[in-house]
Amino acid sequence: MTTVAEHYENHLASVYVWMVGGFDAATSRGESEINAVCPNPSNGLTAVDLGAGFGMHSIPLARRGYSVVAIDSSSKLLEVLQDHIASLSIQTVEDDLLNFQKHLNAKVQLILCMGDTLTHLSEHQSVEQLFSLVAESLSIGGMFVITFRDYASPLVGDSHFIPVRSDNDRILTCFLEYSPDYVTVHDVLHERNGSIWQLRVSSYRKLRLSPEWVSTTLQANGFTVRIEPGLAGMVRVVADKRR
Ligand SMILES: C[S@@+](CC[C@H](N)C(=O)[O-])C[C@H]1O[C@@H](n2cnc3c(N)ncnc32)[C@H](O)[C@@H]1O
């Protein structure tokens, strides 16, 4: 079993942008998510994107006037983001997202943790720790937005196999194996090399978080919580800091 950081470094990061359908298509999906949760332009307010990846949400946020701190443990994905920053106000930070406070010098208005990043944390206690740090770091009236996959109810039978993406030269399939607190994700990648297909497999763990548990834990940290459908079957949680 690899760590999340190793999984991205050695397996997923090099095919990640392909996996999500290309940079432009993914960033425009990110843009519509940002429009749904914070439609008003910002005048230089700071937003923090936890597990920013290649910037699918950081870029749309910066385009609408936010100063974005984009934190991720994958140097490869941050390099992709770096290549697209141009004149946008985005600071890329390679670090564990639980260390995000080290990179801020004041409270902020908006914190995001999108695209199933939350389930990458190693245990429920780390999620509780993150929520408490986020509550400390947001100004009153600030917003925390999360999207994640609900692995709490297991898939059954053949639906454990998920065809993620394929083209003439590459096929990515995901296989999910359930344990009580986490799901082991096996990313099965076939790549064409001339006339043969080469197979690479890497596996890592994701937490099984239910929307109810996430909501209750956020409320215990002083948030008002709204749960709604997110992109591609994910759950979107919009949490407003009320005290
Ligand atoms: C599924 S991707 C989502 C990326 C992006 N938020 C999006 O919506 O496209 C998860 C991202 O979280 C990063 N990540 C996972 N665990 C992390 C951690 N503990 N600290 C920092 N980044 C982490 C990975 O490197 C990866 O870029």
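User: What makes the link between Asp116 and Lys206 a salt bridge?

Analyst: A salt bridge needs a side-chain nitrogen of Lys or Arg within 4 Å of a carboxyl oxygen of Asp or Glu. In this predicted model, the closest N and O atoms of Asp116 and Lys206 are 2.7 Å apart, so the pair meets that definition. The count between domain 1 and domain 2 is one salt bridge.

User: How were the atoms and residues treated here?

Analyst: The model is predicted, so local features need pLDDT of at least 70 and side-chain atom pairs count only at pLDDT 80 or more, while totals for chains, interfaces and linings use all residues. Residues are numbered from 1 along each chain as its sequence is written, and side-chain values use heavy atoms, leaving out hydrogens and water.

User: How do you know how much area the domains bury?

Analyst: You take the accessible area (1.4 Å probe) that two parts lose on being put together, summed over both. For domain 1 and domain 2 that's about 1,400 Å², with 60% of it on carbon and sulfur atoms. His7, His11 and Trp18 supply 50% of the area domain 1 buries against domain 2.

User: What makes 15 residues of domain 1 count as in contact with domain 2?

Analyst: Contact means heavy atoms within 4.5 Å. By that rule, 15 residues of domain 1 touch 18 residues of domain 2.
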